[in-house]
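Hi there,

Here is the structure I promised to pass on to you. Have a look through it first, and then read my notes below.

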Amino acid sequence: MSGLLFSNSNSVTYYFGMLSSWVGNDYCHWERVICYGVTGHVETLHLRGGLVSKELSTSLGELRHLKHLDLSWNIFRGSWIPEFIRSLKQLTYLNLSHADFSGIIPNHIGNLSNLKSLDLSYYNFPIAHYVNWISGLSSLEHIDFSSVNLTGAQILDVVLYMAPSVKVLSLSGCGLLIDDNGWLCNLSTILSNKHLDLRDNIFNGELPHFFQNMTSLQFLD
């Protein structure tokens, strides 16, 4: 039943009956699985909440047509983000928030050039110096780093690597120092932003002047 997800089915605990329908071979009728009707290819795995495991199966990497992967609110016991994600090049949505992953964000995430939404909020590792992989995400429109430890890094160190296509940027509770000095060098990466969440960070001095240049902004916290 859970062989698609876990290399050792005895190593996983799942709650709320979330995998109870995963029997037989007709996976397109399993709960939390959505297939494209014509081809039968798996396009969505919605596995939010209820899983406790140390290791995900590499067989997930065989779902080459997967576009939407949600592993949020699970407990992966501090394991690193699995390597097989690099094979899911059709992904447009990836949610790894509140999942108890840790370790350095693997650079191969930058190979997911079709990715439009990435949520790494509450990631258990300081990643301030490991964000260069974002530059490979040329289609990225939404990114959430909320409550990720970026202490000691000015916010510019994060956004410099972001594609100009980013419209929604959530950096709440990251321990960032935010002032004019941290933003004056290169504002082109955020001027088209529509949603900017900077709450629960450290503002130094007056409200930074760069806000007046963000004419596309619709939401600011």
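**What I found**

Phe101 is buried, with a relative accessible area of 3% (buried means under 20%, exposed over 50%, partly exposed in between, with a 1.4 Å probe and protein chains only). Phe76 is buried too, at 1%. These two form a stacked aromatic pair, 4.8 Å centre to centre with 20° between the planes. Rings of Phe, Tyr and Trp (its six-membered ring) pair if their centres lie within 6.5 Å; planes under 30 degrees apart count as stacked, over 60 as edge-to-face and the rest as tilted. The pair links distant parts of the chain, 25 residues apart: Phe76 lies in the loop between strands E5 and E6, Phe101 in the loop between E6 and E7.

A note on the source: this is a predicted model, where local features need pLDDT of at least 70 and side-chain atom pairs count only at pLDDT 80 or more, while totals for chains, interfaces and linings use all residues. Residues are numbered from 1 along each chain as its sequence is written, and side-chain values use heavy atoms, leaving out hydrogens and water.

The chain averages a pLDDT (the predictor's confidence in each residue, from 0 to 100) of 82.

Elsewhere, Trp22, Tyr27 and Trp30 form one aromatic cluster. Trp22 is buried at 0% relative accessibility, and Trp30 at 11%.

Enjoy exploring!

Methods: Helices (H or I, at least four residues) and strands (E, at least two) are DSSP runs, numbered from the N terminus.
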